[in-house]
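Student: Could you walk me through this one, starting with the overall picture and then the charged pairs?

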Amino acid sequence: MTQLGELRDAHDKFTAAGIKLYAVSYDDAAALQAFVEANNIPFPLLSDLGSKVIRNYGILNTLVQEDEIPFHGIPFPGTYIVDEQGIITEKFFPRHLANRESPETFIESALGELLMGEDEPSASGGDGAISITARFHGGDGTFKSGVLRSVVVRFELPEGMHIYGAPVPEGMIPTTVTVTGPEGLVVREPKLPPTEPLLLTETGQELQVWSGRVDIVVPLWGNSHLVHGFEDIAGK
């Protein structure tokens, strides 16, 4: 229910982006209708009795045996992004339910671009020539246990200026982004955009650089101890 609840709460964002949501379950239609009404789900839940669609997509949970009624037939939990021609463009099947992608991740995958809201918590800086903004992205600034969020660091570089990707020659500094926090914050490796080659004609060295607008995305999530601690503080 946790991810369905996240999708429900972000349904307006999907609608605004022109994306339709569907969830497939091995439950019968009556059970799904009761679930929709009890939890105010605004998108269709499709009944796949016999798990035919689940099998065709290759996501039947094979760890559940046939004699394990009523659980046999359930799928491995995950999400497919499907284009208008019915082609799967990306899939998200976390190895552990404690690391679920946020609705914003699905929307950005479908649209092929990073969408950052102006109301998301952020801080800005730079040296005048370079503008740097760090933004807590996803969930409208909220933290939920096990749901992936990210810190997006955006560099705005004037024409003719670059920042360097690793490796670099001695004396140069590669661009790095490090996120730290309290115990219970789990930080993944940054996602870096593609670099472009820059040839230093004086030395003949080729560097890998970024120019223009550069977004470095650091995925992170908080375990239940961290998130419940935030909730306790908010409640005081």
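Predicted model: local features only at pLDDT ≥ 70, side-chain atom pairs only at ≥ 80, totals over all residues.

Student: How many helices and strands does the chain have?

Tutor: There are six helices and 12 strands, taken as DSSP runs numbered from the N terminus (helices H or I, at least four residues; strands E, at least two).

Student: Which residues touch the most other members in the largest nonpolar core?

Tutor: Among its 16 residues these are Phe155, Leu157, Ile163, Val214 and Leu220, where a core is a set of buried Ala, Val, Leu, Ile, Met, Phe, Trp, Tyr and Cys residues joined through side-chain atoms within 4.5 Å. Strands E7 (149-156) and E12 (213-222) are the elements that give it two or more residues.

Student: Switching topic, which side chain does glutamate 6 meet in a salt bridge?

Tutor: Glutamate 6 pairs with arginine 149 at 3.2 Å, N to O, the rule being a side-chain nitrogen of Lys or Arg within 4 Å of a carboxyl oxygen of Asp or Glu. Glutamate 6 lies in helix H1 (residues 2-9) and arginine 149 in strand E7, 143 residues apart.

Student: Is glutamate 6 buried or exposed?

Tutor: Glutamate 6 is buried, at 7% relative accessibility, and arginine 149 is buried too, at 2% (buried is under 20% relative accessible area, exposed over 50%, partly exposed in between, with a 1.4 Å probe and protein chains only).

Methods. Residues numbered from 1 in each chain as written. Heavy atoms only, no water.
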